[in-house]
Amino acid sequence: MRKILVVGAGQSGLQLALGLQSQGYEVTLMSNRTADEIRSGRVMSTQCMFHTALQHERDLGINFWESQAPRIEGLGVSVAAPDGSRPIDWVGRLDGFAQSVDQRVKMAGWMETFAQRGGQLVIHGAAVSDLDYFSRTYDLVLVSAGKGELVSMFGRDASRSPYAEPQRALAVAYVHGLGPRPEHPDFDAVRCNLVPGVGELFVMPTLTTSGRADILFWEGVPGGPLDAFQGVKDPAEHLSLTLELMERFTPWEYARATKVELTDAQGTLAGRYAPTVRNPIGRLPGGGLVLGVADVVVANDPITGQGSNSASKCAASYLASIVEHGDRPFDAEWMQSAFDRYWETAQHVTKWTNAMLGVPPEHVLNLIGAAGQLQPVADRFANGFNDPSDFENFFYDPEKTGAYLASVSGA
């Protein structure tokens, strides 16, 4: 039985560990926190997972919260004008519903399941020196801990990383008491509110430790008015600032948020990081090799909501590559090929996300505007969040965009 070590207990690490376990591998999972510490800790992310990523969880039988989490059936876009009005406001319908489950709930539950199924769980923060030792006792070491010392083993791929600095300042609040959007009170949608030159506000329903909730998520252009959360340690102050900025820049979202309160004292998060693609193979001092997973090797800004989706897709891709490889050694050539297989889908996420961080060109503004008049355009844009490769067909190239819009309005 082949022995595999997975370092890091996030979406990708746990999904991969559970998948390998189900295939009969002897799996060890290293986490720097226990399940209880995760469950009672600070929120880790926003996570709206679309159909393909959710299906990977269903395929492994680990979609434990599907019946409890809100079904997200649409994705809406609003564009703010300087006077507080919305010249653009529409919602596209998703072909398959999306869902968000607070990672504190999911990761704690998955970790307990992994242990109950006989997996070896090691609660210990791993250093490079630990991996040097472990690489000699395991057939394969996978690093899915996207922060800290371990990431430094994976060199930045400058050809695929156009940004050296963070492009957004991020601020998250989990709340109870948000009212429905009056435009679609009968179904849940993720709402993307674009404030040109300033940043974005995302609002999404989720399932958290205390039941149904909503996430208020500001992405601010660094140095701008939304870049205001550094040094804010008090959760109540964080929420107050979130709402103040909503009232100023997105009054239509603020109107339904006047009665919100934080889900819990750990329900806020703020930070920033530079979107980066890294080389997938880490070389240890003793000569051993480790393979980077998900955020470790492809970290995108959350502006397109792809983080947990990409993590799920990476775990599914690596699982297939490992199983298909049989008993052959997991050498550098195999590691590179496993990453290249994942990059076939990941490259579309990176291209789209980096495009959305910049100033949108005129044809993209036309496309977003047309979606308000043409429902098929709104629906296609919304479903691109599930399959970003489709943006190649109608988003980047002005001629393709024009031809697509002409074909829809003609029909």
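Start by selecting helix 11 and helix 12: Pro376, Val377 and Arg380 of helix 11 meet Tyr404, Leu405 and Val408 of helix 12. Contact here means heavy atoms within 4.5 Å. By class, this contact of helix 11 with helix 12 splits into 5 nonpolar residues, 1 charged and no polar. For the classes, Ala, Val, Leu, Ile, Met, Phe, Trp, Tyr, Cys and Pro are nonpolar, Asp, Glu, Lys and Arg are charged, and the others, Gly among them, are polar.

Before moving on, a word on what's on screen: this is a predicted model, in which local features need pLDDT of at least 70 and side-chain atom pairs count only at pLDDT 80 or more, while totals for chains, interfaces and linings use all residues. Residues are numbered from 1 along each chain as its sequence is written, and side-chain values use heavy atoms, with hydrogens and water left out.

**Stop 1**

(Helices are DSSP runs of H or I with at least four residues, strands are runs of E with at least two, and both are numbered from the N terminus. As for the cut-offs, under 35 degrees is roughly parallel, over 145 roughly antiparallel, 65 to 115 roughly perpendicular, and the rest oblique.

The axes of helix 10 and helix 12 come within 9 Å and cross at roughly 25°, which makes helix 10 roughly parallel to helix 12. Which hand does the crossing of helix 10 and helix 12 have? It's left-handed, meaning that the near helix is turned anticlockwise from the far one by less than a right angle; clockwise would be right-handed. To see the contact, show side chains for His363, Asn366, Leu367 and Ala370 in helix 10, and for Pro398, Thr401, Tyr404 and Leu405 in helix 12. This contact of helix 10 with helix 12 has 5 nonpolar, 3 polar and no charged residues.

**Stop 1: helices 8 and 9**

Next, select residues 307-325 (helix 8) and 332-357 (helix 9), whose axes come within 10 Å and cross at roughly 150°. Helix 8 and helix 9 are therefore roughly antiparallel, and their crossing is right-handed. From helix 8, the contact takes in Ser310, Lys313, Cys314, Ser317, Tyr318, Ala320, Ser321, Ile322, Glu324 and His325; from helix 9 come Trp334, Ala338, Phe339, Arg341, Tyr342 and Val349. By class that is 9 nonpolar, 4 polar and 3 charged residues.

Click on Ser317 in helix 8. Leaving out residues up to four places away in sequence, Ser317 touches Ala338, Arg341 and Tyr342. Ser317 is buried, at 12% relative accessible area; buried means under 20%, exposed over 50% and partly exposed in between, with a 1.4 Å probe and protein chains only.

Then pick Trp334 in helix 9. Trp334 is buried too, at 5% relative accessibility. Neighbours within four places in sequence aside, Trp334 is in contact with Leu140, Leu291, Ser321, Ile322, His325 and Pro329. Draw a C-alpha to C-alpha distance from Trp334 to Leu291: the two are 43 residues apart in sequence and 9.8 Å apart in space.

**Stop 2: Ala294**

Go to the loop between strand 15 (289-292) and strand 16 (298-299), where you'll find Ala294. Most residues other than glycine have a negative phi. Ala294 isn't a glycine, yet its phi is positive, about 50°. Ala294 is also buried, at 3% relative accessible area.

**Stop 3: Glu247**

Select helix 6, residues 235-249, and find Glu247 in it. Is Glu247 buried or partly exposed? Partly exposed, at 46% relative accessible area. Glu247 and Gly84 lie 163 residues apart in sequence and 9.1 Å apart in space, C-alpha to C-alpha.

**Stop 4: two cysteines**

How many disulfides does the structure hold? It has 0, a disulfide being a pair of cysteine sulfur atoms within 2.5 Å. For Cys48, the nearest cysteine sulfur is that of Cys192, 9.0 Å away, and that is too far for a bond. Cys48 is buried at 6% relative accessibility, and Cys192 is buried at 5%.

Methods: Axes are lines fitted to C-alpha atoms, for helices over the stretch in contact, and angles run from 0 to 180 degrees between N-to-C directions.
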